[in-house]
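Please examine the sequence and the three-dimensional structure shown below. A short report on selected features accompanies them.

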Amino acid sequence: MMRLNEEARGVYVIALTPFTETGDLDLESTDRMVDFYLERGATGLTVLGMMGEAQKLTIEESQTYVRRILRRVDGRVPVVAGVSAAGFAQMQALTSMVTDDGAAGVMIAPPSSLRNDQQIVTYYKQAAEFIGDTPFVLQDFPLVTSVTIPVSVIQTIIDQIPTCVCLKHEDWPGLSKITALRTASETSGKRRISILCGNGGIFLPEEMARGADGAMTGFAYPEMMRDVVHHNEQGNPERAQDIFDAYLPLARYEQQPGLGLSIRKYIMAKRGAIATSALRKPGGALSPADISEIERLITRQDRRLKELG
């Protein structure tokens with residue numbers, strides 16, 4: 001079985017959860033979506049994430065969905081599953097469920113109840129005990145979790161918990177975290193783990209320049225992240241920046257709190273990756289004005305990409 005490790009790099013796309021107009025899981029669209037991501041250069045997939053509407057699924061639906069993803073991926077790339085939960089018993093059950101089915105690792109966000117550095121370290125030590133030898137991604141997303149994790153705490157977790165193999169970096173401003181962690185591994189002999197970045201990729205050029213290994217996030221045009229990572233790795237950051245700049249207006253628009261997922265699903269349906277843009281309730285809805293703005297941004301984006309060649 002493929003296992004996530006410290007060498008993870010590239011683009012791990014946060015997968016959507018497709019639904020029918022009546023709110024049921026759309027498994028045919030799930031297959032089509034997996035093909036869409038892989039054809040556009042995804043080196044991994046992350047499922048049951050915050051933008052995957054995981055909180056709207058039952059345990060049974062989560063298993064059905066993850067199994068469908070894994071079956072379609074068929075071992076071509078690693079699949080990481082979000083298992084953040086209110087308690088360790090549920091986290092343990094979710095981890096066993098997804099890893100037994102073939103997931104390469106899991107992702108764990110801290111609960112909002114954590115109030116100090118020692119509580120954060122203790123939480124992740126206990127989480128690691130419950131999930132055993134399963135490799136995990138530490139999700140650092142204080143804008144959503146309300147938990148600020150200093151560099152020193154992240155480094156302690158890396159030093160003391162060998163199954164922590166990847167940081168999902170979503171703090172902002174947070175570029176200095178990447179620099180500090182990379183400096184620690186390069187000059188102090190600290191263990192180097194993968195750093196994959198979120199936030200819709202809107203800081204990806206800067207994150208790559210600071211030493212990130214790629215992206216773990218979603219965007220309706222995952223090929224943007226693929227190309228930015230590729231050109232940075234090939235030593236051509238200016239080309240990467242030009243490509244990024246072409247997509248930035250739409251990426252920025254998609255980052256609107258409360259509406260971003262509706263925007264992403266609308267574009268993904270427009271691109272043929274999923275059958276409908278339906279969100280499971282509760283969920284936001286686009287107005288005619290929203291759709292007009294999206295279409296305008298897509299038109300401008302297409303024109304600029306043609307100019308870049």
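The report that follows treats aromatic pairs, cysteines, one proline and several backbone features in turn.

## Basis of the report

The structure is a predicted model, in which local features need pLDDT of at least 70 and side-chain atom pairs count only at pLDDT 80 or more, while totals for chains, interfaces and linings use all residues. Residues are numbered from 1 along each chain as its sequence is written, and side-chain values use heavy atoms, with hydrogens and water left out.

## Aromatic pairs

Rings of Phe, Tyr and Trp (the latter by its six-membered ring) are paired if their centres lie within 6.5 Å; planes under 30 degrees apart count as stacked, over 60 as edge-to-face and the rest as tilted. One of the pairs joins Phe88 and Tyr123 in a tilted arrangement, with 5.1 Å from centre to centre and 35 degrees between the planes. Because Phe88 belongs to helix α3 (residues 88-100) and Tyr123 to helix α4 (residues 117-131), this pair ties together parts that are 35 residues apart in sequence. Helices (H or I, at least four residues) and strands (E, at least two) are DSSP runs, numbered from the N terminus. Phe88 and Tyr123 are both buried, a term for residues under 20% relative accessible area, with exposed meaning over 50% and partly exposed in between (1.4 Å probe, protein chains only).

Tyr124 and Phe136 form a stacked pair, at 6.0 Å centre to centre and 10 degrees between the planes. Tyr124 is in helix α4 and Phe136 in strand β5 (residues 136-140), so the pair links parts that are 12 residues apart in sequence. Tyr124 and Phe136 are each buried. Together, Phe88, Tyr123, Tyr124, Phe130 and Phe136 make up one aromatic cluster.

## Cysteines

The search for disulfides, defined as pairs of cysteine sulfur atoms within 2.5 Å, finds 0 in the whole structure. For Cys166, the nearest cysteine sulfur is that of Cys164, 7.9 Å away. Cys166 is buried, at a relative accessible area of 0%.

## Pro222 and its contacts

Pro222 is located in helix α9 (residues 222-233) and is buried, having a relative accessible area of 2%. Leaving aside residues up to four places away in sequence, Pro222 touches Val13, Phe36, Tyr37, Arg40 and Arg271, where contact means heavy atoms within 4.5 Å. Pro222 and Phe88 are 134 residues apart along the chain, and 33 Å separates their C-alpha atoms.

## Backbone features in loops

Trp172 and Pro173 are joined by a cis peptide bond with omega of about 0 degrees; Pro173 is in the loop between β6 (164-169) and α7 (175-187). A cis peptide bond also connects Lys281 and Pro282, with omega of about -5 degrees, and Pro282 is in the loop between α11 (260-270) and α12 (288-308).

Although not a glycine, Leu48 has a positive phi of about 60 degrees. Leu48 is in the loop between β2 (44-47) and α2 (59-73) and counts as buried at 8% relative accessibility. Glu53, likewise not a glycine, has a positive phi of about 60 degrees. Glu53 is found in the loop between β2 and α2, and is buried with a relative accessible area of 1%.
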